[in-house]
Amino acid sequence: MRKRKVLILGGGFAGIKAAQDLSTDRRFDITLVSEEDHFRFYPALYHTATGGARKLSQISLSELFSKTSVRVLRARAETVHRTTKTVHTKGAGTISYDTLLIALGMTTNYFGIPGLEQYSYGIKSVDEAERFKKHLHDQILRDKKPDLHYVIVGGGPTGVELAGMLPSYLSQIMKHHGIKHKRAHVELIEAAPRILPRLPKDVSKATARQLRKLGVAVRTNQKVEAETADALMINGKPLKSHTVVWTAGVACNSFFLQNNFTMSEHHKVVVNNYLQVEGNIYVMGDNADTPYSGVAQTALYDARFVARNLKLIASGRPPKQYKPKLPLYVTPTGPGWATLVWGKLHLHGWLAGAVRKLADLIAYHDYQPWWSASKRWLAEEAHEEPCFMCND
Ligand SMILES: Cc1cc2nc3c(=O)[nH]c(=O)nc-3n(C[C@H](O)[C@H](O)[C@H](O)COP(=O)(O)OP(=O)(O)OC[C@H]3O[C@@H](n4cnc5c(N)ncnc54)[C@H](O)[C@@H]3O)c2cc1C
């Protein structure tokens, strides 16, 4: 019997899980196209950007797929040709499919704000996190004092996670180099009236309180207008800084608009109750307009759902309908502390911090055997190197 060719675009949370789940079924011939040679484990990037090990945030695809029959191609997917059922890629030519699964994630959006793309830092990849980390060390070693302001723009989970860890990391850098310890001014800037605007109000409040305790100035209702080499313009006033991190904007991968997918009012891809956009094309994870898209747990859930349905269809049985699953939102805010939201349950403090640590272990294990997942997870406690610049 001819195997069914499944082509998966995107080697992230959804794409990898779908490939892993389908790879145990011999009826499928699976190709995974990824523009990276590794899996970006986004939830740990804030940690890597503040002294944590690189391996917390990136897992090589060859490690994940070495014992499977999945063909992993490093290439950039460009055009879908629906009539010939092929995808043209940059790097691996044209690939044919019977079923196409797409999960290409989000890209950074600067909303056209002048200077941001040129001068700000990001933490959306390990390379970006390390560029940021290098800048922190460079600047402190050069000036023998901290920058005037460390500005994190975006009071969503990524901005909060980074802001929570930054004061202690800056102290650590100064202490390590014998620089007389000065308080670093870390500012978290949010355009909405409160941080974590998608979570309940009491959670925003508790998080803002915790950030202030850690020495972070939380400024809401602040609109960023431009950035120059040494200042950020906010509400018409300059804030002096050489260290601005932009975490405030994401946009759906441009692949979908370029390939005539129907976009929803949320600027995500319209999918039906089976996560299909057309008979043999499925969209999963951040790109699909589902109630809880935008978090890793949903991407993982989508991938498992689609893989299960493809197996049912291959067995001649009807596919199941998609039932959105409420995710657990846990936002770490400084060492050991977090907020947790699961429906009506709201928790904050050290217990939520412990839940987050456990959730990280489970998330690694969703992709790797317990032994490898535990080794990676334990690296959370170890720092990559004492100094990024001088290695001492
Ligand atoms: C900094 C940060 C921190 C986060 N923290 C958390 C958290 O703590 N908890 C949580 O639940 N969620 C978190 N998220 C969200 C979570 O990471 C996403 O919801 C999840 O990654 C979505 O999975 P996905 O498979 O849809 O996309 P992704 O995981 O983004 O995967 C998409 C993949 O497609 C690749 N790709 C893109 N374009 C192409 C192309 N044209 N051709 C080939 N490959 C391509 C990308 O390189 C990427 O590897 C965080 C996100 C960020 C950015």
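Why does Leu347 count as partly exposed? Leu347 has 16 C-beta neighbours inside 10 Å and therefore falls in this class, which lies between buried (20 or more other C-beta atoms within 10 Å, placed from the backbone) and exposed (12 or fewer). The structure is a predicted model, in which local features need pLDDT of at least 70 and side-chain atom pairs count only at pLDDT 80 or more, while totals for chains, interfaces and linings use all residues. Residues are numbered from 1 along each chain as its sequence is written.

Leu347 lies in strand β23, residues 345-349; strands (E, at least two residues) and helices (H or I, at least four) are DSSP runs numbered from the N terminus. Beyond residues up to four places away in sequence, Leu347 touches Leu340 and Ala352, contact being defined as C-beta atoms, placed from the backbone, within 7 Å.

The largest nonpolar core comprises 107 residues, and Ile8, Ala18, Leu101, Met284 and Val306 have the most contacts inside it. Such a core is a set of buried Ala, Val, Leu, Ile, Met, Phe, Trp, Tyr and Cys residues joined through C-beta atoms within 7 Å. Helix α9 (residues 296-314) gives the most to this core, with 9 residues. Leaving aside neighbours within four places in sequence, the contacts of Ile8 include Ala18 and Leu101.

The ligand is surrounded by 34 residues, the closest being Gly10, Gly12, Pro43, Gly105 and Gly285; a residue is near if its C-beta atom, placed from the backbone, lies within 6 Å. Among the elements that each supply at least two residues of this shell are α1 (13-23), α6 (157-176) and α9.

Conventions
Two residues are in contact if their C-beta atoms, placed from the backbone, lie within 7 Å.
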